[in-house]
Amino acid sequence: MSNINPILLVEDNPKDLELTLAALERSQLANEVVTARDGAEALDWLFARGPHEGRNSGDPAVVLLDLKLPKVDGLQVLEAVKRDADLKHVPIVMLTASKEESDLVKSYQLGVNAFVVKPVDFKEFFKAIQDIGMFWAILNEPHPMRPRSTPMKVTEA
Amino acid sequence: MSNLEQTDLLTAEENCAREPIQFPGSIQPTGALLSLDHAFNILQASANTTELLGLSPDTMLGKTIQDALGLELGEQIQQELVSSRLANSSTALLRSVVIGESRFDVLAHDNGARIIVEFELSSAEGSLDSVYPDLRSFIEMIQELPEIERITAVAAEEVRALTGFDRVMVYQFDKDWNGTVVAESRNERLPSYLDLRFPAADIPAQARALYRSNRLRLIPDADYVPVPLVPAFDPLTTGPLDLSFSALRSVSPVHLQYMRNMGTPASMSISILVDGELWGLISCHHAEPRRVASHMRTACDFVGQVVAMQIGARSRSMAAAERVVKHRIESRLLARMAAEPDFISGLHVAEEELLSLVNADGVALLLDQRIMLMGKTPPLAQVRSLANWIATERADQEVLWTESLSSLVPQLQIATETASGILAVSMSKLHPSYIIWFRPEVVQTVRWGGDPRKTADAETGRLNPRKSFETWKETVSGQSLSWSATQIDAANSLRQAIVGIVMRKAEEMAAVTDELRRSNKELEAFSYSVSHDLRAPFRHIVGFAELLKETGGIEADARAQRYIDTIIEAAHSAGQLVDDLLGFSQMGRSQLTPVLIDMNKLVEETLRTLHMDTEGRKIEWKVGRLEPISADLTFMRSAWQNLLSNAVKYTRGTDPSTIEIGCDPGENEVTYYVKDDGVGFNMDYVDKLFGVFQRLHRIEDYEGSGIGLANVKRVVERHQGRVWAEGELGKGATFFFALPRNLASEA
């Protein structure tokens, strides 16, 4: 395990949040799970601003992003992250309630890393979350860049 | 000249066309002529004055007419000139005089440059007054006659009764100056020419011009010896004397030859001028030389004018009546069209009306690539090439007509016997859609008044009508009767009406399309929110029920476990239903992107996704060679998925089971099928099979929302294909779908 950066879960629906957390809990990942309840909050956390200014944790290992969110929606969050030079390497998995093709196309256009339609079946849902967690938080080798909280090391001569 | 060859005739016609017939320099010998200046000095005289008037030209020339002929006549002419009765260029009968032993009718007119005085030998006593009762009853009769045919027939009778000619014909010009004998009155001395047609060249342009300006001409004897004028040229102008309005004017030798060839040495013609235009002639012939007294000629001229007025009036009222008839036909056609989905279907059932609208023999209806032929038309391929020509070369013309299609587009080589004339109207600027009416070659429409060959007389060498007819054929080959203004108007009016209908239908369609687009958008929004918002609670129910199961405390209670399982299962299938519904609605909304699909590969792929369902089953898959086809990959995948999972599902009770996937390549479509040996179905319910939420089995026996086959049907129909099934209860089922080889692009 290269690092134990947190997983950012962005989900407005409390029931989905609870179920997703339950699924993640069962995945027995060591990563801390940070939650955001809307797009604006997620962006504040990601860009370490507002209430999250000076937070300790580094960039997330993965962002599990619900597509439909109040205020700033999932696609806008995705766009903001992928446009940012520092954050664009953070993997984003879009979670959505339905497999509406236009959403999928838009997400991929904006550079989403994966797109998951939340299965109705809990076992499948559980497995999907587990797979995502396993892949992005553990197996995926993150882009070799400094954690946001760590000052850049200057190589001395 | 008795064996006048056709080439000679043509040469003669050409010469004739160039001949300055109004300046012949001579007169016919049935009278004498003097030409005066406006001071009444005699400038020219005909060479026969000595024998007719007893005064030689030489004694008269240079004198005034009073000095030459005596006071009385000279004074009268002067008076007439002063009262300008002579100035209107028509010859006036001044009086009758006796000079020596002969009686003369004295006629005079002023052609602007010269006063022409003619002394015509009177053939008989009599006066205009004596024929007045006849003329009056003629006028009374003719006013009662409604048809031009009857008017001309009565006119021919009247002129023959007045003049005693052997044959009097009424000759009508068409717009190209070809003529037809439309009425005739005759005795047996001369053959009938009724209904015969004559080419325009028979009466050249300058002759027609004279017919217009001078309404009556008489040639008493075609064998006459012309009498020259003395001097030959006008001494003041040194030019030839204009004899346009002269009664005695000498006529063209070609014309005289023509008369001799026809065996008619005497002829007279009276112009029928309708609204100032030369409509036709009353043409009189006699088998022997014949003179007609000037008062009788005046009576005949009067008959001609009355006939012309009546024809003018009848033509106008006929045109009005014809317009009414056309309108009535058009209304009937429109009513038929309104009842049909497009104008072609509407017109197709109304052949008679469609043809009678413009008096055509055949008609072609064209709408995009559809062509319908009715009546006498050229073959389909020729009609198609004609339409293509119109579409490319005459695209901007809404109405197009010709009486000679073969000379307009010789390269198309369209059959002249059916399509010498066409009248085409265009229904659309965007698509090639036309109505094209056809008229046959006119020679085929000639109504012979008896077999013309029987009138041929080889013995006498007369120019027989058959030969004349050959000339006519030569002139008019590939010509149809001309389209009248009323007919062209009727075609155009129908065109406008159809365009109106088509436009209105297009507007209605556009409105429907707009409405459809709007409701599609609504449906899209609806299904989107349904899939999001309806799916979530089901997911929550399933999720929390699962969690509840695991939190313990109810493990012991088997019944509670079963309830929870039921909740999970119910929510699960409700969620599945939402997914299926969304999928189904997407089938209708998504754009098709056809690509060439390797069907074998797609089926293999689909089979792999079914491994969950087939685990532990003994299924023998028999997959044949499936022909590749152009279709939308996503859609086809879903169709195969539904069909194959269906087959797996319904063979569950059969062990081992065989599922066969095959293909039947046809010419225009490829049929694919999935055949299983499962539970099958009763063919009575085959129609319900592909309906949305139609199930033929109890829900507890076979899972699924019942939308799978509806999905297949929708996919296939989006590809303009067909889907059907065969089955037998307990024996298995075969599901077929056929896709067209050439998928038309979506509108």
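Two strands are taken to pair if DSSP finds at least two bridges between them, and helices (H or I, at least four residues) and strands (E, at least two) are DSSP runs numbered from the N terminus. By these criteria, strand 3 of chain A and strand 4 (residues 92–96) of chain A run parallel and are joined by 4 bridges, and the bridge partner of A:Asp66 in strand 4 of chain A is A:Leu95. The model is a predicted one, in which local features need pLDDT of at least 70 and side-chain atom pairs count only at pLDDT 80 or more, whereas totals for chains, interfaces and linings use all residues. Residues are numbered from 1 along each chain as its sequence is written, chains are lettered from A and ligands numbered from 1 in the order in which they are written, and side-chain values use heavy atoms, with hydrogens and water left out.

The strands of an open sheet of 5 are arranged in the order 2-1-3-4-5 in chain A, with parallel pairing. Strand 2 and strand 5 (114–117) of chain A stand at the edges and have a single partner strand each, so one side of each is left without a neighbour in the sheet. From one strand to the next, the twist averages 20°. Helix 3 of chain A packs on this sheet, touching strand 3 and strand 4 of chain A, and its direction makes about 175° with that of strand 4 of chain A; such angles run from 0 to 180 degrees between N-to-C directions, the axes being lines fitted to C-alpha atoms, for helices over the stretch in contact.

Of the 157 residues in chain A, 48% are buried, where buried means under 20% relative accessible area, exposed over 50%, and partly exposed in between (1.4 Å probe, protein chains only). In helix 2 (residues 39–46) of chain A, the buried residues are A:Gly39, A:Ala42, A:Leu43, A:Trp45 and A:Leu46. These residues lie on the same side of helix 2 of chain A because they cover an arc of only 160° around the axis, the arc being that of the directions from the helix axis to the C-beta atoms. Their packing partners in chain A are strand 1 (7–10), strand 2 (33–36), strand 3 (62–66) and helix 3 (74–83), with contact meaning heavy atoms within 4.5 Å. The N-terminal end of helix 2 of chain A is capped by A:Asp38, a side-chain oxygen of which lies 2.9 Å from the backbone nitrogen of A:Ala40. Helix 2 of chain A is followed by A:Ala48, which has a positive phi near 50°.

In chain B, 6 strands form an open sheet in the order 9-8-7-13-12-10, with antiparallel pairing. Strand 12 (residues 266–274) and strand 13 (residues 277–286) of chain B pair over 9 bridges in the antiparallel sense, and B:Ala266 has B:His286 in strand 13 of chain B as its bridge partner. Helix 7 (residues 148–163) of chain B lies across strand 7 (167–173), strand 8 (179–186), strand 12 and strand 13 of chain B, and runs at about 50° to strand 8 of chain B.

A cis peptide bond, with omega about -10°, joins B:Val230 and B:Pro231. B:Phe40, although not a glycine, has a positive phi of about 70°, and B:Phe40 is buried, with a relative accessible area of 12%.

Conventions:
A polar contact is a pair of N or O atoms within 3.5 Å; within protein, one must be able to donate a hydrogen and the other to accept it, and residues adjacent in sequence count only if both atoms are side-chain atoms.
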